[in-house]
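Here are my notes from a pass through this model. Have it open while you read.

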Amino acid sequence: MKYLYFDLDETLFTTLDRYSSLSLPQQDSLDNSVDYEFFPDQKSYPLYRSRHGLIFSHLALSPDDFRVYVLTSAVYVDARIRKGLAKFFGNRDFFWNVPCINRFHYPNAQNKGEKILLHMRGLEQANDQGGLSGLEVWLIDDQPGNRLSAIAVGAKAIASDAADYITKLEQLVLGGPVELPAKP
Ligand SMILES: [Mg+2]
C-alpha cells in the first residue's frame with residue numbers, strides 16, 4: 001500500500017496572481033479554459049490537467065494499492081476542494097470521498113511532516129515508536145520546506161514544481177510514462 005498526500009496550491013492548481021512564481025514547466029501546464037473558486041472570489045486554474053486526470057483515474061481504480069489524501073496549508077473547506085478537483089480532473093466519485101487535511105487539522109503540528117505522522121497514527125498505520133518506518137508514504141508538494149519536513153518523519157517526497165514532476169508521479173502511480181491520446 002502506498003499513501004499519497006497531495007498538496008493543492010501550486011501543485012494541483014493555482015491562481016493567476018501567482019503565475020509568475022510558478023516554475024516554467026508549471027506555467028506551461030496551466031489550463032485557463034476552466035476555473036473554480038476554491039475560495040470565494042478567487043479563481044483557480046488546474047495544473048497538468050490531463051496528466052493529473054489520467055493519474056487520478058488510475059488511483060481511483062486502485063484502492064488496494066493506493067490511499068490518497070489532500071494535505072493543504074490553506075483553509076479551503078472540504079466540499080469546495082472535492083467539487084473543484086472533480087471539475088478539474090474528473091473522477092467525481094473518487095474525489096467526493098477524498099479525505100482532506102487543512103490548516104485547522106492537527107493545530108499542534110509544526111509542519112506537514114508532523115501532520116502526516118499524526119494522520120498516519122490516527123489511521124493506526126504508524127505507531128508512537130516506529131514513526132513511518134516500514135510504510136511507503138509520499139508527499140507531493142511544491143515547497144522544499146514541506147518536502148523536507150515529510151522526509152524528516154520518514155516519508156518520501158516528489159517536487160511538483162520540478163521539470164521531472166509528472167515523470168516521477170507517473171513512475172510512482174503507473175509504473176512508467178503513459179502516452180496521452182492525441183488531441184482531435
Ligand atoms: Mg503548495
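Which residues of helix α5 (residues 112–122) are buried?

1. This is a predicted model: local features need pLDDT of at least 70, side-chain atom pairs count only at pLDDT 80 or more, and totals for chains, interfaces and linings use all residues. Numbering runs from 1 along each chain as its sequence is written.

2. Back to α5: its buried residues are K112, G113, K115, I116, L117, H119 and M120. (Buried is 20 or more other C-beta atoms within 10 Å of a residue's own, exposed is 12 or fewer, and partly exposed is in between, with C-beta atoms placed from the backbone; helices are DSSP runs of H or I, at least four residues, and strands are E runs of at least two, numbered from the N terminus.) They pack against β1 (2–6), β5 (66–71), β6 (100–101), β7 (136–141) and α6 (144–152), with contact meaning C-beta atoms, placed from the backbone, within 7 Å. Just past α5, E124 has a positive phi of about 60 degrees.

3. Next, the open sheet: three strands, ordered β2-β4-β3, with antiparallel pairing. (Strands pair if DSSP finds at least two bridges between them.) β2 (13–15) and β3 (36–39) sit at the edges with a single partner strand each, so one side of each has no neighbour in the sheet. From one strand to the next, the twist averages 50 degrees. Three bridges join β2 to β4 (residues 42–46), and T15 has S44 in β4 as its bridge partner.

4. Helix α3 (residues 78–89) lies across β2, β3 and β4, at about 155 degrees to β3. (Axes are lines fitted to C-alpha atoms, for helices over the stretch in contact, and angles between N-to-C directions run from 0 to 180 degrees.) I81, G84, L85, F88 and F89 are the buried residues of α3. Down the helix axis they fall within an arc of 105 degrees, so they line one face of α3; the arc is that of the directions from the axis to the C-beta atoms. Just after α3, G90 takes a positive phi of about 70 degrees.

5. Overall, the protein chain has seven helices and eight strands. Its radius of gyration is 16 Å, close to the 16 Å from the globule rule for 184 residues, so the chain is as compact as a globular protein of that length. (That radius is taken over C-alpha atoms, and the rule is 2.2 Å times the number of residues to the power 0.38.) Of the 184 residues, 35% count as buried.

Definitions and conventions
Contact = placed C-beta atoms within 7 Å.
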